[in-house]
Amino acid sequence: MTATTTSARSELSELGRSETALRTFLHGLPGVDQVGAEQRAAQLGTRSIKTTAKAQAIDLAIRMVDLTTLEGADTPGKVRALAAKAIRPDPADPSCPHVGAVCVYPAMVPYVAEVLRGSGVHLASVATAFPSGQAPLEIKLADTRAAVAAGADEIDMVINRGAFLSGRYKEVYDEIVATKEASGDAHLKVILETGELATYDNVRRASWLAMLAGGDFIKTSTGKVPIAATMPVSLVMLEAVRDFREATGRQVGVKPAGGIKTTKDAIKYLVMVNETVGPDWLDPDWFRFGASSLLNDLLMQRTKLTTGTYSGPDYFTLD
Amino acid sequence: MSERVAVRKTYKLFIGGKFPRSESGRSYLVQSSNVSLASRKDARDAVVAARAAVKGWAGATAYNRGQILYRAAEMLEGRREQFVALGIPGDEVDAAVDRWVWYAGWADKLAQVYGGANPVAGPYFNISAPEPTGVVAVVAPERPALLGLVSVIAPAIVTGNTVVVAASPSEPLAAVTLAEVLATSDLPGGVVNILTGAITETAPTLAAHMDVNAIDLTGVTDAALATDLEVKAAENLKRVLRPAPADHDWSVDPGLDRMTALLETKTVWHPKGV
Amino acid sequence: MFEYAPAPESRSVVDLKPSYGLFIDGTFVDPTDGDSFKSINPASEEVLAEVAEAGPQDVERAVRAARKAYDKVWGPMSGRDRAKYLYRIARLIQERSRELAVLESLDNGKPIRESRDVDLPLVAAHFFYYAGWADKLEHSGFGANPRPIGVAAQVIPWNFPLLMLAWKIAPALAAGNTVVLKPAETTPLTALLFAEICQQAELPAGVVNILTGAGDTGRALVEHQGVDKVAFTGSTDVGRAIARSIAGTRKKLTLELGGKAANIVFDDAPIDQAVEGIVNGIFFNQGHVCCAGSRLLVQENVADRVLESLKRRMAQLRVGDPLDKNTDVGAINSAAQLERIRELSDAGSAEGAERWSPPCDLPDRGFWFAPTIFTGVTQAHRIAREEIFGPVLSVLTFRTPAEAVEKANNTPYGLSAGIWTDKGSRILWMADRLRAGVVWANTFNKFDPTSPFGGYKESGYGREGGRHGLEGYLNV
């Protein structure tokens with residue numbers, strides 16, 4: 001790390017002490033022109049990824065999947081099956097890599113932990129009164145500690161959108177700091193719920209706020225509101241982590257979640273990562289897909305590439 | 001060998017891109033075919049469908065709307081014989097095709113003719129541009145059944161309005177067949193909704209409906225009914241097009257009036273300074 | 001780490017003949033007194049086809065055919081029917097767009113992504129747009145009964161061969177004129193395919209005539225006595241010569257010439273989008289764009305940051321095979337143009353500007369030039385004054401809005417300009433003061449058939465596109 005980034009980093013770490021300083025900083029970030037950002041994202045979506053590049057992208061995408069189930073109807077049996085699938089997504093093909101993580105509610109963590117132990121697959125738990133975050137801070141922190149205690153090594157928290165949208169940035173900041181502390185050694189992913197943030201300017205500000213407060217990952221969405229991850233939103237977040245690393249030397253990961261269902265979608269994201277932040281982020285440690293149905297499509301496309309025949313959903317296990 | 005028994009067509013309403021029967025279950029007989037007799041509820045359903053379509057249609061690019069209207073011309077040309085079989089003269093079908101083409105071209109031109117920069121006396125950028133008024137209720141002319149109908153629908157929708165049309169009660173078959181043309185022209189469902197039946201039943205509902213922005217009374221021939229409808233329309237200040245004179249010549253160049261009557265003008269001010 | 005495998009668009013959709021004649025009076029004919037030349041693929045230097053070069057007698061035949069068609073068929077025809085022919089052409093272009101796009105990339109060297117996503121959609125849209133005017137001329141604001149001019153001689157450049165053809169032919173035909181068009185000598189092939197489309201549309205013979213050839217053919221056409229209207233897009237020098245040559249005649253002239261556009265970035269700009277706009281402004285179509293944003297004027301307090309982002313972005317540009325769907329920057333159109341770009345770039349270095357290009361492997365055959373920027377450029381440098389017409393950007397800085405305006409306007413050209421700032425009132429203040437025919441704010445290189453395009457000062461006169469684009473083809 002250079003001397004400038006060290007001093008910049010310490011300056012930035014001071015920001016969280018005052019509402020005014022935070023506001024001045026966040027509102028001083030360059031604006032995002034909606035039309036331009038959307039056009040750039042669409043343009044990246046026109047790349048044609050074929051043959052060897054496609055095979056490579058599919059395996060990378062599989063390794064980046066946070067295989068997710070966040071339903072009231074989840075059962076120990078269902079999440080155990082999901083965890084087994086995470087370790088060996090294609091039972092017929094041992095060369096198929098395992099996914100990045102399994103992502104479940106805190107109550108399901110113990111059952112998943114049993115299965116994943118020693119597999120290299122991470123265990124993510126949503127926490128902080130996911131998905132709305134509408135609970136007292138103490139409860140949110142207890143939620144987090146419980147998930148970590150039960151074996152989660154990644155915590156997906158939600159920010160307080162009400163506080164953010166009404167401009168109470170310090171409140172949001174303090175909550176993230178507290179959750180980070182409650183997470184202990186677990187990696188903290190901060191869900192911005194971009195579908196509720198209304199503008200790309202807000203997405204950029206929320207991204208910086210989460211990173212300043214110590215988030216290890218910024219994540220687009222809970223998947224529980226109508227608008228989940230989009231290419232332009234993810235583009236703005238990628239630009240934010242790129243600029244943040246330049247300013248502070250610290251690298252933060254990005255996780256688009258929700259709405260990414262096909263291999264084609266996933267490859268578009270990988271192209272965007274490649275051309276926006278570069279190969280440093282093309283790794284499951286720095287980029288994840290929050291998805292449930294994506295994995296099966298990746299597996300079907302993978303089988304197509306290895307066997308030359310299109311497969312069908314009947315040949316892969318349902319989540 | 002016996003003569004083949006023909007399969008007859010059922011003539012239904014056209015609402016929200018679908019072809020439902022009247023919810024009232026009623027029909028009436030025209031040219032040996034049963035045609036749906038639309039109810040007040042059907043009229044209200046059609047307004048809901050038209051309203052739902054406004055956002056997408058008004059928000060589509062002018063170029064896209066023009067392409068779709070041109071597509072309607074292509075599809076109508078291809079079904080020429082079907083209209084002739086209903087008794088529409090070939091010349092009238094041709095004129096109706098040409099009318100779609102004429103209006104299609106207006107989609108991306110009207111703003112340049114009907115809007116523009118205003119040289120206000122001050123450091124301001126000031127521009128006026130037309131916008132569609134919203135949902136338009138239309139009483140189509142009794143005849144010519146096809147050319148008259150196209151001549152009232154096309155100018156309303158080309159600018160981004162959506163319409164609920166009360167078709168000619170005596171010659172509704174052309175209207176339902178035109179709906180089939182529109183349903184295969186990439187026109188989004190709900191942009192054009194067509195009700196067959198009695199004007200006296202549907203028109204008052206549409207005229208009084210508070211979620212309708214304008215009413216075109218072109219096809220109303222009864223002066224007392226026209227006045228009554230205009231009075232009802234006044235409740236939410238609908239834009240009103242009055243009935244056409246009985247001898248109106250539908251074959252001549254229609255001019256811009258039918259389009260501009262269904263537009264709002266929006267003027268935007270913005271300061272200029274460093 | 002994530003290498004994109006080659007993704008070539010198939011050439012098989014294009015059925016090239018070994019040689020092409022001239023398109024006169026509805027048929028392809030051999031030249032009477034002309035010669036022939038070869039059109040090559042600038043990405044490989046392979047010969048694509050042999051093309052006729054029209055001589056003076058061929059020009060005579062073509063102009064006569066256009067005159068006859070004007071007098072007998074096209075002039076008297078109703079606007080409604082002219083519209084239908086133009087709509088047919090628009091539809092055929094849409095239907096054959098893949099074929100046209102591949103051929104355009106083969107002959108011109110531009111990336112298939114651009115010919116497919118930009119050129120062809122705009123070409124079709126342009127014909128659609130003007131088709132709609134053909135039966136509405138009395139509403140166009142040029143009098144109650146606007147009349148066409150007659151026979152139009154049209155000479156177009158090689159940078160957007162088919163798009164420039166559309167910009168010329170569509171309004172001319174809509175207004176009721178007939179045309180003789182000469183495509184550029186390095187890119188004649190899509191114009192010849194367009195001639196086939198005219199046949200397919202059953203456009204009456206003589207309404208559109210295509211004469212291939214070089215400068216001499218163009219000169220003979222423009223100077224022909226039987227021509228009523230001249231429309232030219234190309235260099236300012238040739239435009240000036242044309243203006244001289246038609247002096248004292250009845251010919252009406254529109255010119256769309258060179259440019260040296262300023263792309264002005266303020267410190268409150270949306271930086272990431274501005275960087276995209278700078279890249280699009282100068283590297284789109286290899287910088288072979290008359291309205292290219294070839295001078296970047298960046299406010300000094302964000303200059304370092306913008307340049308750093310720009311360089312990072314430039315490193316992502318993929319230079320190479322125009323038919324690869326992932327190529328961003330294709331081949332330079334000709335050896336002569338490559339030479340000119342090299343000469344001016346060398347002058348930039350010699351005059352003391354600092355030159356930078358991202359590392360990039362250029363193919364061995366064909367004409368290539370890496371995306372390049374020069375920093376530390378002053379207004380006096382040749383690279384800040386002369387049109388390079390290549391992927392070369394000159395970067396200058398400014399301190400105040402007034403200084404930005406002064407520098408932007410300090411050129412004989414006046415085609416376009418760009419402004420990047422989040423402040424709306426500043427955009428409009430700047431736009432009022434910029435002497436340029438098109439001003440883009442927080443975007444760049446946007447085109448639409450409804451939007452008039454053309455220059456101030458030595459960038460030419462007359463406008464193409466929109467309602468205004470009819471004026472050049474009407475007797476007003």
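The questions and answers below concern a predicted model, taking up the domains of chain C and a sheet in chain A.

Biologist: How many Å separate the centres of domain 1 and domain 2 of chain C?

Modeller: The domain assignment gives chain C a domain 1 in two pieces, 19–257 and 456–473, and a domain 2 at 262–441. Taken over C-alpha atoms, the separation of the two centres is 30 Å.

Biologist: Which helices of chain C each supply at least two residues of the side of domain 1 that touches domain 2?

Modeller: The contact involves 22 residues of domain 1 of chain C and 27 residues of domain 2 of chain C. On the domain 1 side, the helices that each supply at least two residues are α3 (97–108) and α4 (112–134) of chain C.

Biologist: How do the residues on that side of domain 1 of chain C divide into nonpolar, polar and charged?

Modeller: The side in question is the one where domain 1 of chain C touches domain 2 of chain C. Its residues divide into eight nonpolar, seven polar and seven charged.

Biologist: Which strands of chain A stand at the edges of the sheet?

Modeller: The open sheet has eight strands, with parallel pairing, in the order β7-β6-β5-β4-β3-β2-β1-β8. From one strand to the next the twist averages 25°. Two strands each have a single partner, so one side of each is left without a neighbour in the sheet: β7 (253–255) and β8 (289–291) of chain A.

Biologist: Which residue in β7(A) is the bridge partner of A:Ile218?

Modeller: Strand β6 of chain A covers residues 217–219 and pairs with β7(A) in the parallel sense over three bridges. In β7(A), the bridge partner of A:Ile218 is A:Val254.

Conventions. Residues numbered from 1 in each chain as written. Chains lettered and ligands numbered in written order. Predicted model: local features only at pLDDT ≥ 70, side-chain atom pairs only at ≥ 80, totals over all residues. Domains from an automatic or database assignment. Contact = placed C-beta atoms within 7 Å. Helix = DSSP H or I, 4+ residues; strand = E, 2+ residues; numbered from the N terminus. Nonpolar A, V, L, I, M, F, W, Y, C, P; charged D, E, K, R; others polar. Pairing = 2+ DSSP bridges. Axes fitted to C-alpha atoms, helices over the stretch in contact; angles between N-to-C directions.
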